[in-house]
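Hi there,

Could you have a look at it when you get a moment?

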Amino acid sequence: MKMDILPPSEWGFFTLPRPCVIAGPCSAESEEQVLETAVGLRKFGINMFRAGIWKPRTHPGCFEGVGAPGLKWLQEVKKQTGMKVSCEVASTQHVFECVKHGVDMVWIGARTTANPFLVQEIAEALQGTDMTVLVKNPVNPDLDLWIGAFERLNNCGIRKLGAIHRGVSTSQKIKYRNDPAWDMAIGLRYKVPELPIFCDPSHMAGKREYIKELSQRALDLGFEGLMIESHNCPDCALSDAKQQLTPADLLNLLEGPDHIVVRDGDTQDSSFRENMVQLRAKIDVIDENIINLLAQRMEVSRKIGEFKKEHNIPIIQAARWDSVLDRMIEAGTQAGLSEQCVRDVFNAVHDESVDVQHKML
Ligand code: PEP
Ligand code: MN
């Protein structure tokens, strides 16, 4: 599908080359905290400040943001530093307050993107404004729901439009707060190539130690920008304390001796290299998915092994395996794979599965 979208170079605040960096605290907490953080970020050229004003919290009674009075602090940031400012909106009321206070950019949070009624209302409230709007992926891995949000905004005339990939909720035990689900962002790039994509490694990671590796991965995949939470005193933060960086640590990540590497593609040659890096990064994601699927398959094999043991059935069921292999060869050749490749791969999978079941005897 083709959307009518302006590239970030025409939004008026990102100076390319990439990455476009948005930084600031999870939440605006006080005027001093907001201003001190903004001044720290401005020193090394960050010109889009973020701060949550209304916070979607899992439990009631947690810090739910300072609300509209915090928008005055953002106005002060603009006045004192010349930065542009942004915050999350989750209702038409939030949109009206942001427009009234001269907020330059808003984003729709992951929980809100999952609700088409709210996205539609927000899109209609934004109609006729010159607002830049970013949309986080929904908390569940539903690419079409994410795309639907862009369509609703674009239909209401929003052309300065971008995506923020922040990973998805998972019940699996993983090292990050959210499953990076890179294939969802890759799917978005394929389906809406004109849409710029930002990564939010802070909410993806949940812990500051993982922010760098996730940022680099996003740049390798060709994302246009990063949204990184930064607080003048991360450990004192009222929300997401573990995943925020001081402005100095952010500077180190972007420009320090071991900084993240921007894949830049101006000349023929470097554009070739950039394509290669991006394609390899995609291959890496697919390979990880293959490993995860194989691990899931072996888990099922283990359960089958248990049943066979309970019912005293031998592990090898030759007729069943022949029919599986025939089916896979047919599907594989239809998908353009050679018969030999399918045979080799599935025989290796079968061997491993027999081994897994054998160990249970
Ligand atoms: C945020 O950016 O502060 C936030 C709440 O993020 P998300 O919607 O990704 O959880
Ligand atoms: Mn946060």
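Below is a short tour of what was found in it.

Please keep in mind that this is a predicted model.

**Overall picture**

The chain has 361 residues, and 49% of them count as buried. Its secondary structure comes to 13 helices and eight strands. Along the principal axes, the C-alpha atoms fill a box of roughly 75 × 50 × 45 Å. If we take the contacts between residues at least 6 apart in sequence, 72% of them join residues at least 24 apart.

**The barrel**

The eight strands form a closed barrel in the order β1-β2-β3-β4-β5-β6-β7-β8, with parallel pairing. From one strand to the next, the twist averages 30°. Helix α2, residues 69–81, packs on this sheet and touches β2 (48–50) and β3 (84–89). The direction of α2 makes about 160° with that of β3.

Strands β5 (residues 132–136) and β6 (residues 161–165) pair in the parallel sense over four bridges, and V135 has A163 of β6 as its bridge partner. Five bridges hold the parallel pair β1 and β8; there, M227 in β8 is the partner of I22. Strand β7 (residues 197–199) runs parallel to β8 and is joined to it by two bridges, with F198 partnered by G225 of β8.

Five of its five residues are buried, so β8 is largely enclosed by the rest of the structure. Both of its faces are covered: G225, M227 and E229 are buried on one side, and L226 and I228 on the other. As a reminder, side chains in a regular strand alternate between the two faces of the sheet.

**Two helix details**

Helices α3 (residues 92–100) and α5 (residues 116–126) have axes that come within 9 Å and cross at roughly 25°. An angle under 35 degrees counts as roughly parallel, so α3 is roughly parallel to α5. The crossing of α3 past α5 is right-handed. On the α3 side the contact is made by T92, V95 and F96, and on the α5 side by E121, I122, A125 and L126.

Is helix α7 (residues 182–191) mostly covered or mostly open? It is mostly covered, with seven of its ten residues buried. Those buried residues of α7 are W182, M184, A185, I186, G187, L188 and R189.

Happy to go through any of this with you.

Best wishes

Conventions
Residues are numbered from 1 along each chain as its sequence is written. Chains are lettered from A and ligands numbered from 1 in the order in which they are written. This is a predicted model: local features need pLDDT of at least 70, side-chain atom pairs count only at pLDDT 80 or more; totals for chains, interfaces and linings use all residues. Side-chain values use heavy atoms; hydrogens and water are left out. Two strands pair if DSSP finds at least two bridges between them. Axes are lines fitted to C-alpha atoms, for helices over the stretch in contact, and angles run from 0 to 180 degrees between N-to-C directions. Contact means heavy atoms within 4.5 Å. Angles under 35 degrees count as roughly parallel, over 145 as roughly antiparallel, 65 to 115 as roughly perpendicular and the rest as oblique. A crossing is left-handed if the near helix is turned anticlockwise from the far one by less than a right angle, and right-handed if clockwise. Buried means under 20% relative accessible area, exposed over 50%, partly exposed in between (1.4 Å probe, protein chains only).
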